Amino acid sequence: MELVRTLGNGQGSPTVSVVIPALNEERNLPHVFAALPDGITEVILVDGGSVDRTVAVARELRPDVVVVHQTRTGKGNALACGFAASTGDIIVMIDADGSTDPREIPLFVQQLVDGADFVKGSRFARGGHSDDITPLRKLGNDGLNLVVNVLFGTRFTDLCYGYNAFWRSVVPTLDLPDPRLPRPAGGGKLWGDGFEIETMINIRAAADGLTVGEVGSVEHARIHGQSNLNTFRDGFRVLRTILSEYGRSRTRRTTKPATVAHQRATTDSRSRA
């Protein structure tokens, strides 16, 4: 599939950075890299301290890959490091285990070009499906999804899926923990450094007034290795994130919205694309 059509204003197509957090994924990277569509400007592999050949394999598969070593631990920190290193007009975040299909990237990019600020994948929207989710996880996802839609007035169909794309100018709006901050004493994580990142950025994009689109996405089972997800532990972490973000949004209602600056930055970046 063609990556993206030319922008409607007659300017060239936007550049696209793909951010891939990875930890010991050497056996999965050949599949993921082979599925990347032509026209991707930049591939950023964020290594979380792999002890296998993850970094070497990435460089063998794609000599132009940008390798970033995350500064703390957790998927949230890995993504924040990748976003900070990105130079493309658009950032796409996918997983290194083969569960997210890179061949869907043009669908995300096209929605952004057509006017969205932030586009999230959905396993439960039209065209979506999951080969990996269990009935218990599906039940939990539905419940958490309902809570967010009631509290924030959103229409998400799949809150907890981490396949997203957005204009790089959106990154300040997401307000992620600064990658330069030190790791907390005792080996813990800063809030936003863990798996709660996916819920956090989805909610912040919507709560801050961005135009959010959805793309039906097919989630495949992990090809090799085992997932670090825990249904109950991570489910409670997501619920805590939802409640925390609801409190944050109520506080921010009394301050000047950040969307004006974002919209100006987005307009500028699109006019330059």
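1. Leu243 counts as exposed, because its relative accessibility is 52% and exposed means over 50% relative accessible area, buried under 20%, and partly exposed in between (1.4 Å probe, protein chains only). Leu243 lies in helix α8, where helices are DSSP runs of H or I with at least four residues and strands are E runs of at least two, numbered from the N terminus.

2. The model is predicted, with local features needing pLDDT of at least 70 and side-chain atom pairs counting only at pLDDT 80 or more, while totals for chains, interfaces and linings use all residues. Residues are numbered from 1 along each chain as its sequence is written, and side-chain values use heavy atoms, leaving out hydrogens and water.

3. Together with Val147, Phe236 and Leu239, Leu243 forms a nonpolar patch on the surface. Helix α8 (residues 231-252) gives the most to this patch, with 3 residues. Such patches take residues with over 30% relative accessible area and no salt bridge, nonpolar side chains (Val, Leu, Ile, Met, Phe, Trp, Tyr) being joined within 5 Å and like charges within 9 Å; a salt bridge is a side-chain nitrogen of Lys or Arg within 4 Å of a carboxyl oxygen of Asp or Glu.

4. Helix α4 (residues 105-113) is largely enclosed by the rest of the structure, because 7 of its 9 residues are buried; among them are Phe108, Gln110 and Leu112. Just after α4, Gly115 takes a positive phi of about 130 degrees.

5. Asn24, which is not a glycine, has a positive phi of about 60 degrees and lies in the loop between β1 (16-22) and α1 (29-34).

Note on methods
Areas by Shrake-Rupley, 256 points an atom, 1.4 Å probe, with all protein chains shown as cover.
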